[in-house]
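Colleague: I have the file open and want to go through the contacts. Can you take my questions as they come?

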Amino acid sequence: MSTMLTMPKLEMSMQEGTLAEWVVADGAEVKEGDVIYLLETDKTSREIEAPASGKLVQKAEAGEVYECGTEIGEIV
Amino acid sequence: MEQSNLAIEPEVLKAIYGQMARIRAVDKAIQAGLSAGKFMFTYWPMTGQECIPATISQLISKDDYMITTYRGIHDQVAKGVDLYGMFAEALGREDGVNKGKGGSPHISDPSSGSMVTTAIVGAGAPIANGLAISAKERGENRVTIVNFGDGATSIGAVHEAMNLAGAWKLPVIFLCQNNEWGEYTPIPVYTSSPNFYGRAEALGFKGVQLDGNDPASFYKGMKEVIEHVRGGNGPVFVEAKTFRMGPHAGVGDNYNVDKDYLKTKKEQAPVAKTRQLLIDAGICSEDELASLEAAAAKEVDDAIAKALESTVTPATETLTDVFANVDDVPRRGHYPSRPAEGDLPSETKTMSMAEAVLDAQHIAMKKNPEVFILGEDVGDPHGGVFGTNKGLQTEFGNTRVRPTPIAEQAIIGAALGSSIAGMSPIAEIMFTDFFGVCIDQVYNHAAKQRYMSGSATHAPMTIRVQAGGGMGGFGAQHSQSMEAWLLHSPGLKVVYPSNPVDAKGLLTSCINDPDPCIMIESMMLLYTLKGEVPVDEYSIPLGVAKVVREGTDVTLISYGWMLNQALAAAEELAKEGISAEVVDLRSLMPIDYHRVLESVKKTGRAIVVHAAVEFCGYGAEIASTINEELWDKLKAPATRIGAAYAPIAYSNAIEFSQVPGSAHIVARAKDVVKS
Ligand SMILES: Cc1ncc(C[n+]2csc(CCOP(=O)(O)OP(=O)(O)O)c2C)c(N)n1
């Protein structure tokens, strides 16, 4: 079962976020709880952890702003 | 084995860790799901505060009551709220413990004792007192624990509730989870108090400060606290020191905190520390703990997977759970005809409205031991500032008639909490103008408890309130008509009698009604208007208006003391050849549109009259409905008369002209009939 990664909505006021940096390379294996990317919002920058273990498939460029809910990757 | 050094029984420590592991698994799963975008809802992480409810869970049972906040998912888990129902609720699904209508910040699950969850800071404390009153009066051995944050200690509701609980020695524990932060503001910024537990001592009861991150000492401390409270020794305020490791809302770290400080706090965080202790003390093996954690993770994963399959609560549910009976919910095109009261008991006595109110309360209190009265000065010899309870304290005692501190939030909250537990309280608030200081308990809590809980709980309480106005001399803060505020808050029933007979019958209905009811009593009528009131019990059904004078040319629709102005106007109009029908609404919510529309169909003209400000008033609502429904039958547009848009003035000359009187009504009616 694969796990879709979307730009999360972390707070009521959050509409979009910046995928600042992929910490894990495309195609690399990750363990649940590993930090996989850095997220920046108008309030803060956060490390986002892998919600599952598997192979990370990046589907969005780092450095760009994405609306909440946009698919940015997958763990397969 | 180092076990002998442990200040706690090994089995208890293990059980506490078992709850911590469940809480941790829930927190992790939510944060992971939100981060991955698997689901979206607002989450207020409780990471770092797991030890508090995990420990308490070993000292209380589901029979004990709990109230918590939006951040209280850890409290819910440890209290025993079913995880499937909890996740389904957080996701707004049909199978949620509250049908998806409250969401995670409003969980109400009586089966586990998690009674109320509020998203209004500090507002749980007054309600907790009410739950505690019910336990005490019923001789139950329950304690009520109300959780709130350190920030909540600044709000009036908490102070009012603490003072009342102290005065009445209620079996309630004020559990302040001091996580050092109130949203984005840390403690030294918002208070110069050196601590919070000291405030209890100032109010005459016990306060303790405990390390909420250390299961052994917290268990010992809470055991004493719970025994003290269960033993009938009154409330305790517990300041449980902990730390909020997450942000106010969302996922990840508390980004407001200095990084080094956060690092230290993380090292002291209770879950990992307790785990290590279990291993070091030889109580559990690594394998045992791993399998315990795996079981917790599986319980959570299963609950989430199942919850995601539950149907999103559909829009067809919009109007259910507002009131017990969906027919009472006002909506366009739905004008149910409710049966009127029929013949009332024949034996009567001349009574003022104050005496009629007293009589209704007396009968209700004799009949049902769970009816009780609370409010300022309600005890004898005064029996309330308006004497509407005279003799009741003498007859029924100090717990059935409870004079309160001057603290309207505490009064309404206590009534609300006891009603959630099934009692039938009557709270008296002296003047409608004082709704301003307790409106949160009224419109955010009493009104919404049924809806937010998907009818898992409801609030069968009554509020009696007196309205000044029309007499002159009470000024801007004791003369207002605030009914539109109440009517604009879905979930409240409101009655406003114009005479003693209706006052007694409507109050009886309110006391027996399953929903929160407010009776507005006109001060002017309380003593001046006498009537022949049946002495036995009877009810005037809610939502039933009455044609009090028949006519053919225009319908005057009114209620309360203004109804008498409308009647006087009808008398005047008759002299000028205009036949006015007068409809007394009696109930403002539910409203009897059926009888209103029937009357206007006949007369073809309508004027709604009230003492409240005309602008955005109830009259506008009713006139608009009449115009929409009877457009083709009207001889003139339905209209309304209310007070001028100004505070009520002290000058009689202003007051008597700013609020409509019979002369205004006559003039308007003549215009309407002429047009
Ligand atoms: C009456 C009220 N005022 C403000 C808010 C906005 N608000 C939500 S949480 C919060 C902070 C509360 O802090 P605290 O009582 O310490 O509880 P914690 O969130 O730390 O558990 C505030 C100000 C609210 N919900 N209710």
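Colleague: How many residue pairs are in polar contact between domain 2 of chain B and domain 3 of chain B?

Modeller: Nine residue pairs, both residues at pLDDT 80 or more. A polar contact is a pair of N or O atoms within 3.5 Å; within protein, one must be able to donate a hydrogen and the other to accept it, and residues adjacent in sequence count only if both atoms are side-chain atoms. This is a predicted model, where local features need pLDDT of at least 70, side-chain atom pairs count only at pLDDT 80 or more, and totals for chains, interfaces and linings use all residues. Residues are numbered from 1 along each chain as its sequence is written, chains are lettered from A and ligands numbered from 1 in the order in which they are written, and side-chain values use heavy atoms, leaving out hydrogens and water.

Colleague: Which residues form the salt bridge there?

Modeller: The rule finds one salt bridge across that interface. Asp502(B) pairs with Arg586(B), with the closest N and O atoms 3.1 Å apart. The cut-off is a side-chain nitrogen of Lys or Arg within 4 Å of a carboxyl oxygen of Asp or Glu.

Colleague: How much area do domain 2 of chain B and domain 3 of chain B bury between them?

Modeller: About 2000 Å², with 60% of it on carbon and sulfur atoms. Buried area is the accessible area (1.4 Å probe) that two parts lose on being put together, summed over both. On the domain 2 side, Leu487(B), Tyr496(B) and Ser498(B) lose the most area to domain 3, together 25% of what that side buries.

Colleague: Switching to the chains. What do chain B and chain A bury between them?

Modeller: About 1300 Å², 59% of it on carbon and sulfur atoms. Ala36(B), Met40(B) and Tyr255(B) supply 38% of the area that chain B buries against chain A, more than any other three residues.

Colleague: Now the ligand. Which polar atoms of the protein lie by its nitrogen and oxygen atoms?

Modeller: A backbone N or O atom of Val121(B) is 3.1 Å from a ligand nitrogen, and a polar side-chain atom of Glu183(B) is 3.3 Å from a ligand nitrogen. A polar backbone atom of Asp150(B) lies 3.2 Å from a ligand oxygen.

Colleague: How much of the ligand does the protein cover?

Modeller: It covers 74% of the 580 Å² of accessible area that the ligand has on its own, by the Shrake-Rupley method with a 1.4 Å probe.
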